[in-house]
Amino acid sequence: MVDGVGLAQPRPSSFGPLYDGPPIIEVRDLGISYGGKPALRDASFDIYRHEIFGIIGPANSGKTSFLRALNRMDDFTTGMEVRGSIHINGKDVNDWRNLYALRSRIGVVLPLPVGLPLSVYDNVAFSPRLRGIRKKAQLDEVVERCLTRAALWDEVKDRLGSLGSLLSGGQQQRLTIARALSQEPELLLLDEFSIAVDPVTTMRIEDVLKDLRSELTIVLVTNLVQQARRLADRTAFFLTGELVEIGATEDLFEGNVKDERTTGYIEGRYG
Amino acid sequence: MFTATALNRRSYRRQSVAKAVFCLMTVALVIPVLLILGTLVVKGAPAISWEFLFTAPTNNMTAGGIFPALVGTIWLVVVALLASVPIGVAAALYLSEYAPDNLLTRAINLAIVNLAGVPSIVHALFGFGAFVLFFRFNASILAASLTLAVMTLPVVIVATRESLQAVPHAFREACWNMGATRWQTIRKVVLPNSISGILTGVILEVSRTSGETAPIMFTGAAMFVPFLPQSVFDQTMALSYHLYNVSTQLTDVPEELTYGVALVLIAIVLLMNAVSIGFRIYLRGLKKW
Amino acid sequence: MDRRDAAWYIDKVAQWVVFVGGISAIVFIVGIFVFITKEGLDFVLGPLNLGEFFTSIAWRPTSNNPTYGALALIVGTASVTGFAMLLSVPLSLGAALFIAEFATGKTREVLKVLVEMLAAIPSVVWGFVGMSIMHPLIMRIFDVPLGLGVLNAGLILGLMAAPIMTTIAEDALKAVPDTYREAAEALGATRWEVIFKVVIPASRNGLLAAVLLGVGRGFGETMAVLMASGHAINIPTSPFDSVRALTATIASELGDTVRGGDHWGSLFTLGILLFVVTFVINLTADIVVRGIRKK
């Protein structure tokens with residue numbers, strides 16, 4: 001099945017009041033390839049403000065590539081080519097002259113936790129300092145607020161000076177989230193954040209994400225189908241570089257699908 | 001079923017023989033050098049004294065010490081480092097942090113390999129033609145040091161690039177994702193975590209630079225200068241060139257004295273080298289991630 | 001929001017600065033070629049007789065009727081380098097195999113450090129060793145009148161080139177993925193078979209590059225050869241004969257020449273020859289190594 005475009009069209013009318021207003025992200029005919037090898041083909045869809053947008057699919061389906069294209073990491077990745085367009089807030093990401101200003105508005109959490117080899121405090125103060133915040137009191141406030149939101153404050157408040165890269169995996173992942181929040185982003189991208197995190201921490205982070213929905217828009221790439229079910233308002237299913245299905249999460253999980261492959265993946269028949 | 005067959009036993013025996021042969025080859029490589037070093041120490045040690053280190057040669061360089069040569073070598077090394085470390089670190093930063101995988105990058109890498117591979121006497125010809133004559137520095141510390149700097153540039157570049165690349169890529173991506181520019185990423189995360197590795201490379205370069213002779217023979221080193229250098233435009237004595245002179249150009253130099261010069265030179269070079277290696281091993285033990 | 005701020009400009013400036021540093025290596029290597037060619041060009045276009053240069057052994061730049069035959073110098077360099085390689089290629093490959101495949105733990109670390117220290121010994125010290133230690137030793141052992149020559153310089157050069165070859169060869173052996181070794185061992189191969197049927201074939205190109213770079217090093221070595229070879233223009237017929245190398249000729253004669261004169265130009269011409277040959281050797285080694293990376 002080559003032509004998935006019919007399925008890829010968003011259906012704003014059916015999503016209720018959550019999705020009024022223009023979409024925050026508009027993706028049109030997006031194609032991504034690495035050194036000529038396609039990773040994603042002809043994807044077109046919208047993501048709306050204040051939704052948690054889940055993306056599921058087996059490995060190599062183009063999920064991560066999509067996130068990388070969103071904050072133009074293709075510029076820093078040899079061999080990565082992006083065709084088509086992505087508009088964020090109505091502006092094509094390729095039109096940004098100051099690429100770094102674009103990235104500073106998008107928080108990113110990657111599969112493997114990355115605590116920078118700086119103190120915990122400096123990890124979280126990194127982005128505010130880039131924005132020019134120098135006052136100690138102001139930084140203190142940001143650090144405490146973001147660590148608290150990321151459910152890490154209680155564990156590290158007594159050792160803010162120790163290396164962020166030496167925390168445990170789960171702590172580092174929450175530190176990464178605190179760092180992303182310190183950017184005060186409009187958009188938070190999470191890429192399989194729970195891979196290196198224990199289940200208890202995962203649940204704590206999921207609660208945080210639910211809270212955050214009122215403040216920002218979240219794109220959640222996950223390899224755990226049930227995680228998408230728990231969190232996402234709408235979910236897209238990618239398969240080997242193709243956007244197979246997009247719809248309200250509930251619909252997808254109740255078998256209300258256009259393409260049998262979606263149900264097959266959700267029910268674990270492959271993937 | 002699990003008993004050794006004749007075939008098994010034979011190949012096992014062959015393995016032991018191979019191991020022994022290779023071990024012998026390694027020993028054959030290492031032993032002569034240790035013997036040589038031992039001879040240098042035994043024959044050179046009697047010459048070493050405070051006076052030897054801190055006085056100038058006398059009696060047509062057949063007696064006295066090596067102080068001007070020692071000071072000259074320090075001048076040469078310091079000026080060479082001042083020139084090559086900034087350029088070398090910049091080059092390594094470019095190659096490790098910016099360079100795309102294209103023809104230019106490959107050309108740069110090839111140029112680095114060649115800079116290291118071009119014979120030292122050719123570097124000397126270049127230094128003579130370029131720095132002494134074309135840029136009119138005449139035979140001076142400046143000309144000699146710049147020649148040394150070009151020659152040892154690959155040492156800094158390679159060591160720096162290695163320590164930059166030891167910093168995991170994930171750290172860079174994390175910074176970029178927060179909107180840090182490449183330079184901010186380098187300054188705040190990459191450099192602080194590779195600076196000690198770079199230092200290792202610099203010490204290694206000190207070791208290399210202080211032993212070189214051919215590149216400075218015509219560009220700034222002199223056989224005998226009765227005073228210490230006052231500026232980079234002076235000629236100077238140098239330990240390596242001094243060793244060449246006392247062992248080939250002059251007659252009547254007591255054996256003990258030439259061995260003393262050789263011992264001091266090799267002690268400096270190997271000490272610097274050992275410091276560099278020790279520092280590297282120490283750093284490997286520190287875990288920051 | 002989307003305005004280029006100070007950080008953006010600083011980043012751009014930094015990018016340019018490091019780019020300049022990056023291409024400096026190219027600038028220098030081109031500069032070397034340009035400057036030695038500039039000084040040697042008059043000689044190459046004027047008095048140089050290529051036939052004489054490559055076939056005559058008469059290197060008499062200072063006689064009233066100067067001749068510039070470099071054959072003896074080329075043979076001198078080749079004989080010393082060849083002798084050195086005869087000694088050091090097997091030894092360094094053997095040592096590399098031992099360090100990479102057999103030695104473990106502390107032994108391995110110590111050997112690696114030792115080899116690295118050996119590579120650091122300055123060439124003028126090696127030359128001194130050739131004159132003061134090997135010279136009398138060779139005279140005594142072989143009962144010959146002179147200990148400076150092909151044998152002495154070859155031994156010295158072999159010991160000098162060996163650590164470099166060992167290091168590069170060991171890197172090449174270590175670059176063979178452990179999965180290859182494990183796969184072969186799982187099939188019941190002994191260590192010996194693993195090394196000769198898996199590791200060496202897989203690292204063939206790297207080992208070849210190591211030998212090439214060793215040859216390049218020997219070919220371009222100056223001070224040690226100058227001091228240990230006897231420095232006499234001669235086509236050697238025995239290992240005890242003195243010879244004279246291309247590099248040593250430049251080092252010993254450049255100080256006595258007049259700038260711009262034929263003798264001066266002839267020495268720079270030798271420099272061009274040395275540059276071109278080492279460049280070709282390094283280029284070949286690079287291509288050989290890149291060959292593996294492509295796979």
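Which residues point one way from β8(A), and which the other way? In this predicted model, A:T217, A:V219 and A:V221 point to one side of the strand, while A:I218 and A:L220 point to the other. In a regular strand the side chains alternate between the two faces of the sheet. Residues on both sides of β8(A) are buried. A residue counts as buried here if 20 or more other C-beta atoms lie within 10 Å of its own. Strand β8 of chain A covers residues 217-221, and because five of its five residues are buried, the strand is largely enclosed by the rest of the structure.

The pairing partners of β8(A) come next. Strand β3 of chain A, residues 52-56, pairs with β8(A) in the parallel sense over four bridges; within this pairing, A:F53 has A:V219 as its bridge partner. Strand β7 of chain A, residues 187-191, also runs parallel to β8(A) and is joined to it by five bridges. Here A:L188 stands opposite A:I218. Between β7(A) and β8(A) the chain passes through helix α8 of chain A, residues 199-212, in a right-handed β-α-β crossover.

In soluble globular proteins, nonpolar side chains tend to be buried together. The largest nonpolar core in this model has 275 residues, and A:I218 and A:L220 are among those with the most contacts inside it, as are B:L76, B:A262, B:L265 and C:I156. Helix α3 of chain B, residues 67-98, supplies the largest share of this core, 17 residues. Leaving aside residues up to four places away in sequence, B:L265 touches B:G211, B:L239, B:S240 and B:L243, and also C:P122 and C:V125.

How values were computed. Residues are numbered from 1 along each chain as its sequence is written. Chains are lettered from A and ligands numbered from 1 in the order in which they are written. This is a predicted model: local features need pLDDT of at least 70, side-chain atom pairs count only at pLDDT 80 or more; totals for chains, interfaces and linings use all residues. A residue is buried if 20 or more other C-beta atoms lie within 10 Å of its own, exposed if 12 or fewer, and partly exposed in between; C-beta atoms are placed from the backbone. Helices (H or I, at least four residues) and strands (E, at least two) are DSSP runs, numbered from the N terminus. Two strands pair if DSSP finds at least two bridges between them. A crossover is right-handed if, with the strands pointing away from the viewer, the path from the first strand over the helix to the second runs clockwise. A nonpolar core is a set of buried Ala, Val, Leu, Ile, Met, Phe, Trp, Tyr and Cys residues joined through C-beta atoms within 7 Å. Two residues are in contact if their C-beta atoms, placed from the backbone, lie within 7 Å.
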